[in-house]
Amino acid sequence: MKGESVAVRPAARVPTGDQILAAARTILHRDGVAQLSTRAVAAEAGVNLSLIHYYFRSREGLLLALLERMDADLVARQRSMYARQDITLAEKWAEAIAFYRDDLKSGYVRTLLELAAYGYANRRIATEVRKILKRWRDLLAEAAAETLTGDLNVPLDPKEVGSMVTSYWLGMEMQHLLGVPEEEGALWKTAEKLGQLMGRWETSKSRRRRK
């Protein structure tokens with residue numbers, strides 16, 4: 001009715017922990033992991049520095065929490081892609097390469113490998129990074145199990161495929177972060193050739209089934 005006041009509901013506040021992680025992600029993407037200090041994150045988030053230590057205890061804890069958040073998003077993204085029935089294995093591989101390019105730009109790859117290096121001398125970090133690597137191995141093993149079902153011409157079980165592919169990606173990631181040029185390492189070319197091999201294998205598998 002005319003003259004009645006309408007109550008305006010205040011906008012929902014983002015929980016401070018999420019606010020801090022969002023700020024850390026912004027700095028990581030914009031400035032790189034070397035610039036991701038607790039002071040920089042506090043300034044970006046507009047919160048007191050003490051809140052960083054309250055929620056995450058240290059820069060190490062903040063990095064681990066950020067990596068966990070990013071990794072959960074990426075594993076979900078990858079799982080959804082591998083579950084698609086409307087594209088071939090070779091097309092999924094091409095999409096995985098495109099995802100990897102995005103992950104290089106976002107800072108995820110660098111953060112993961114830097115924390116892995118810290119883990120050589122820090123048991124807590126090593127444990128958390130191993131959990132992340134296991135998630136990826138398990139995901140790839142699940143995808144391999146779906147792809148290799150009934151194919152006796154592949155002398156690897158799904159778990160071995162998951163381990164092999166995870167090791168391949170980690171090796172390529174390390175070389176890209178070290179700045180290995182394409183003319184020296186042929187990293188992108190090799191990834192593309194692997195996709196072509198997958199396409200040929202799929203074609204061969206389809207022909208065998210029709211016999």
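**Reading a helix residue and the salt bridges**

A: T166 sits in helix α8, which covers residues 158-177, where helices are DSSP runs of H or I with at least four residues, numbered from the N terminus. This is a predicted model, in which local features need pLDDT of at least 70 and side-chain atom pairs count only at pLDDT 80 or more, whereas totals for chains, interfaces and linings use all residues. Residues are numbered from 1 along each chain as its sequence is written, and side-chain values use heavy atoms, with hydrogens and water left out.

Q: Is T166 buried or exposed, and which residues does T166 touch?

A: Buried means under 20% relative accessible area, exposed over 50%, and partly exposed in between (1.4 Å probe, protein chains only). T166 counts as buried because its relative accessibility is 7%. Leaving aside residues up to four places away in sequence, T166 touches W136, R137 and L140, a contact being heavy atoms within 4.5 Å.

Q: How many salt bridges are there?

A: A salt bridge is a side-chain nitrogen of Lys or Arg within 4 Å of a carboxyl oxygen of Asp or Glu, and by this rule the count comes to 14. One of them joins the side chains of R135 and E68 at 3.2 Å, N to O. R135 lies in helix α7 (residues 123-148) and E68 in helix α4 (residues 59-82), so this pair ties together parts that are 67 residues apart in sequence.

Q: Where do K134 and D138 lie relative to one another?

A: K134 and D138 are four residues apart in helix α7, and therefore separated by about one helical turn; their side chains meet in a salt bridge of 2.7 Å, N to O.

Terms used
Helix = DSSP H or I, 4+ residues; strand = E, 2+ residues; numbered from the N terminus.
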